[in-house]
Amino acid sequence: MSDTLLIGLYALAAGGVVGLAGAGTLRLLRGRSILVHVVVLLAVTVLAVVAGVVTVARAMFLSAHDLWVVLVTVSASAVISLAVGAVFGSRLAASAVWAQAARERERHLEAGRRELVAWVSHDLRTPLAGLRAMAEALEDRIIDDPATVGDYHRRIRVETDRMTQLVDDLFELSRITAGALRLVPTTVPLREVVSDAIAGIAPLAASRRIHLVAADSGWPLVRGGERELARIVSNLLINSVRYTPEDGTVHITAGHERDSVWLAVSDTCGGIPDNDLDRVFDVAFRGERARTPGENGSGGGGGLGLAIVRGLVEAHGGRVGVRNTGRGCQFEVRLPAA
């Protein structure tokens, strides 16, 4: 019984020394990845076993041959343990990193949803109050001047159109974020998409005396959903026209590089603050007050246009970016070539 107790004490002492050294090592490595901690922990465990076995074997005065057999056996087991632990430790580390990224993304999306609700509530409440006031004035015949009545009718139509556009943007954005967007890829001439978008935005550009200039050549074919591509180009043009001062210019160019095509929309808006460049595609972001769209039909939506652009571009396997130029900024979209 005393020999068993002595063997246990020897093993405990050897394992304790290795364990203390391992604890110090883990403390020094506390800023490293989970995989490093798992591997170090496994190594400490295996080394503690090896140290205990070797210490007891030497205390029992085993022959060199027997001691060598014990060491080979323990070493083989240690290699297997470390290999299996490293494999599963890497999976555990990857899962932990993925879970952390998922939590961060969920927090970011939740913050975006709260901000979106706040923006949309404001953008719906304001025109609804105006519509109700004008409707009550017309219903109670407080306003009977034909010119004023006509102006009220026009303003009611404009506000209704703005609210309809906002609802459409919300529906499109919900399809993108929910993964319900289903593309029907076809080979689309980019020139035709841009021409249709320019025709649709021409009245707004004319009211603000904005010159829309499209390149004469270099228009490639692109593979994607025709409706979604039209929405991308239209949103980019609307955004540039809204934020460009009167008598400004919006240029639209395109080209082909290797396996991708690019579309660039440049304006003379005066540029975007550097701190906002990474946020212009966020939901409900509308930048500084100086960049807030004005009236006369140029009022903005809920700050969803560029967020929709990014979602649609990424759904096509492309990417979108923005940078400041001399007198304004340039939005560039890159998509797979046909």
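Are Phe 281 and Phe 331 buried or exposed? Select them: both are buried (under 20% relative accessible area with a 1.4 Å probe, protein chains only; exposed is over 50%).

This is a predicted model, in which local features need pLDDT of at least 70, side-chain atom pairs count only at pLDDT 80 or more, and totals for chains, interfaces and linings use all residues. Residues are numbered from 1 along each chain as its sequence is written, and side-chain values use heavy atoms, without hydrogens and water.

Stay on the two rings. A search of the whole structure finds 1 aromatic pair (ring centres within 6.5 Å; planes over 60 degrees apart count as edge-to-face). The centres of Phe 281 and Phe 331 are 6.0 Å apart and the planes stand at 90 degrees, so the pair is edge-to-face. Phe 281 sits in the loop between β5 (260-266) and α7 (305-315), and Phe 331 in strand β7 (residues 329-336), so the pair ties together parts 50 residues apart in sequence. Helices (H or I, at least four residues) and strands (E, at least two) are DSSP runs, numbered from the N terminus.

Next, select Leu 237, Ile 252 and Phe 331, which touch the most other members of the largest nonpolar core, a set of 50 residues. Such a core joins buried Ala, Val, Leu, Ile, Met, Phe, Trp, Tyr and Cys residues through side-chain atoms within 4.5 Å. Its largest share, 8 residues, comes from α5.

Now centre on Ile 252. Leaving aside neighbours within four places in sequence, its contacts (heavy atoms within 4.5 Å) include Val 194, Trp 219 and Leu 237.

Finish at Gly 179, which follows α4 and has a positive phi, near 75 degrees.

Technical notes
Phe/Tyr/Trp six-rings, centres within 6.5 Å; stacked < 30°, edge-to-face > 60°.
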